[in-house]
Amino acid sequence: MAEQPRDVFRLSRDWLSVQEVVDSVSSCSCGAISMFIGTTREDQVDGRKVVGLEYEAYEPMVQSEFSKLCGGMRTRWPGLLHVSIHHRLGWVKVGEASVVMAISSPHRQDGQQAIQYGVTQLKANIPIWKKEVYDTQEASWKENTECRWSQRGADVSPDSEP
């Protein structure tokens, strides 16, 4: 009996386990697990050092957008078996993972292409926002250039009114 495809999306306020994400897509029928780990980087913005990021999400909409994301990947790469994305919410200090994505597939090419597509679509369509926090105790909401809301010039902060 063939293994059924599985899509897993998890929002967490806790540290992300890369091994847990790998285990969630592992399959004896696949020869590849492709991954992306997005980490919070130390950056300089206008002379201020980034010390961490704070993430918020519109949780009621996240799961439906994730389902659309997986559907798009499966349409383009029908051979994908399992897809798993874990994303942090709340405070994420420099050096920690903000997002971990893994995809299992029989061969590496489909999984690697799907990872690239998945990360781009995640940033463009999943309603998760990030705020940079600086060593000056100041903070600033950041837009992803891929985000469809920013392309319309709308206020994308989670505090804005619809």
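**Note on the predicted model**

1. Read along the sequence, the pattern is β-α-β-β-β-α-β-β-β-α-β-β-α. That comes to four helices and nine strands. Both are DSSP runs, numbered from the N terminus: helices are H or I with at least four residues, strands are E with at least two.

2. This is a predicted model, in which local features need pLDDT of at least 70, side-chain atom pairs count only at pLDDT 80 or more, and totals for chains, interfaces and linings use all residues. Residues are numbered from 1 along each chain as its sequence is written, and side-chain values use heavy atoms, with hydrogens and water left out.

3. Start with the open sheet of four strands. Its order is E1-E5-E7-E2, with mixed pairing. Strands pair if DSSP finds at least two bridges between them. E1 (6-12) and E2 (32-39) are the edge strands, each pairing on one side only. From one strand to the next, the twist averages 5 degrees.

4. E1 and E5 (residues 82-88) run parallel and are joined by seven bridges. Phe 9 stands opposite Ile 85 in E5.

5. Two helices pack on this sheet. Helix H1 (residues 18-25) touches E1, E2, E5 and E7 (97-105), and its direction makes about 160 degrees with that of E5. Helix H2 (residues 59-76) touches E1, E5 and E7, at about 145 degrees to the direction of E1. Axes are lines fitted to C-alpha atoms, for helices over the stretch in contact; angles run from 0 to 180 degrees between N-to-C directions. Contact means heavy atoms within 4.5 Å.

6. Now the salt bridges (a side-chain nitrogen of Lys or Arg within 4 Å of a carboxyl oxygen of Asp or Glu). The whole structure has nine. Asp 46, Arg 48 and Glu 138 form a network of them. Asp 46 meets Arg 48 at 3.9 Å, N to O. Arg 48 also pairs with Glu 138, the closest N and O atoms being 3.5 Å apart. Arg 48 lies in strand E4 (residues 48-57) and Glu 138 in the loop between E8 (128-134) and E9 (139-142), so this pair ties together parts 90 residues apart in sequence.

7. Buried means under 20% relative accessible area, exposed over 50%, and partly exposed in between (1.4 Å probe, protein chains only). Arg 48 is buried at 16%. Asp 46 is exposed at 70%. Glu 138 is partly exposed at 40%.

8. One further salt bridge joins Lys 142 and Glu 132 (3.8 Å, N to O). Lys 142 is in E9 and Glu 132 in E8, 10 residues apart.
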